Amino acid sequence: MNAKNLAVASLVGAVASLLAVNVPFLNLVNCLLCVGFWGSAVLAVWIYARMTGSVTLKDALIVGLATGLATGILGLALSFIGLAGGAAIANSIRALAPDAQIDIPEGSRLVFNLAGALVDIVFGAVGGLIGGLLFRKKA
């Protein structure tokens with residue numbers, strides 16, 4: 001497994017996931033079976049396979065997990081400035097209903113965002129497996 005290619009592929013997948021999940025109107029694609037989460041891991045596996053020439057199912061799973069982990073870390077970091085996670089959801093509600101009173105306790109916001117990071121990792125693994133099945137070399 002090439003560490004440089006793993007890092008590049010997983011970071012591209014993480015950025016794609018964060019864009020697909022957090023950009024207004026583009027985030028509607030995530031309503032379709034959470035495609036923004038696992039689809040970005042499939043993209044990362046495809047990039048990794050293109051960079052290395054081939055991918056095994058084990059490598060694809062590792063790429064998917066790395067993509068999910070990177071998405072979780074970047075999303076958690078962006079949540080503190082209101083661009084991802086619970087803060088982004090609250091900001092979206094405020095934009096749609098300016099009169100709505102939204103009071104999210106600080107502790108529950110952190111728990112929500114940490115749970116979101118775990119969900120990112122799980123969907124990354126699923127997307128990695130799907131990508132591995134799609135892009136591995138046939139025997």
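Figure 1. Helix H2, helix H3 (57-79) and helix H5 each supply at least two residues of the lining of the largest cavity. This is a predicted model, so please read every value below as computed from it. A search of the whole structure finds 1 cavity of 30 Å³ or more, and the space in the largest cavity comes to about 30 Å³. Its lining is made up of Ser-17, Phe-37, Ser-40, Ala-41, Thr-67, Gly-68, Thr-71, Asp-120 and Gly-124. Sorted by class, those lining residues are 2 nonpolar, 6 polar and 1 charged.

**Figure 2. Phe-37 and Phe-123 form a stacked aromatic pair.** Welcome to the one aromatic pair that the structure holds. The ring centres of Phe-37 and Phe-123 are 5.8 Å apart, and their planes make an angle of 25°. That angle falls under 30 degrees, so the pair counts as stacked. Phe-37 sits in helix H2 (residues 35-52) and Phe-123 in helix H5 (residues 106-135), so the pair ties together parts that are 86 residues apart in sequence.

**Figure 3. Ser-40 is a buried residue of helix H2.** Here the view stays in helix H2, where Ser-40 has its place. The relative accessibility of Ser-40 is 4%, so this residue counts as buried. Which backbone atom lies 2.9 Å from a polar atom of the Ser-40 side chain? The backbone oxygen of Phe-37 does. Leaving aside neighbours within four places in sequence, Ser-40 is in contact with Gly-13, Ala-16, Ser-17, Val-35 and Thr-67.

**Figure 4. Cys-34 has a positive phi.** Now for a loop: Cys-34 is found between helix H1 (3-22) and helix H2. The phi of Cys-34 is near 55°, a positive value in a residue other than glycine. Most residues other than glycine have a negative phi. Cys-34 is partly exposed, with a relative accessible area of 27%.

**Figure 5. The largest pocket draws its lining from several helices.** The volume of the largest pocket is about 840 Å³. There are 32 lining residues, and those closest to the pocket centre are Val-21, Asn-22, Gly-85, Ala-88 and Ile-89. Which helices each supply at least two residues of this lining? They are H1, H3, helix H4 (85-96) and H5. As for classes, the lining of the largest pocket divides into 17 nonpolar, 14 polar and 1 charged residues.

**Figure 6. The protein has 5 helices and 0 strands.** To close, here is the setting for the views above. From the N terminus on, the elements of the protein run α-α-α-α-α. Taken along the principal axes, the C-alpha atoms fill a box of roughly 60 × 25 × 20 Å. Of the 139 residues in the protein, 35% are buried. Among contacts with a separation of 6 or more, 73% are between residues 24 or more positions apart.

Key:
Residues are numbered from 1 along each chain as its sequence is written. This is a predicted model: local features need pLDDT of at least 70, side-chain atom pairs count only at pLDDT 80 or more; totals for chains, interfaces and linings use all residues. Side-chain values use heavy atoms; hydrogens and water are left out. Rings of Phe, Tyr and Trp (its six-membered ring) pair if their centres lie within 6.5 Å; planes under 30 degrees apart count as stacked, over 60 as edge-to-face and the rest as tilted. Helices (H or I, at least four residues) and strands (E, at least two) are DSSP runs, numbered from the N terminus. Buried means under 20% relative accessible area, exposed over 50%, partly exposed in between (1.4 Å probe, protein chains only). A polar contact is a pair of N or O atoms within 3.5 Å; within protein, one must be able to donate a hydrogen and the other to accept it, and residues adjacent in sequence count only if both atoms are side-chain atoms. Contact means heavy atoms within 4.5 Å. On a 1 Å grid over the protein atoms alone, a cavity is a set of points where a 1.4 Å probe fits but cannot get out, and a pocket is an open set with protein on both sides within 12 Å along at least five of seven lines; lining residues have an atom within 4 Å of a point. Grid points are joined across faces, edges and corners, and a volume is the space filled by probe spheres set on the points. Ala, Val, Leu, Ile, Met, Phe, Trp, Tyr, Cys and Pro count as nonpolar, Asp, Glu, Lys and Arg as charged, and the others, Gly among them, as polar.
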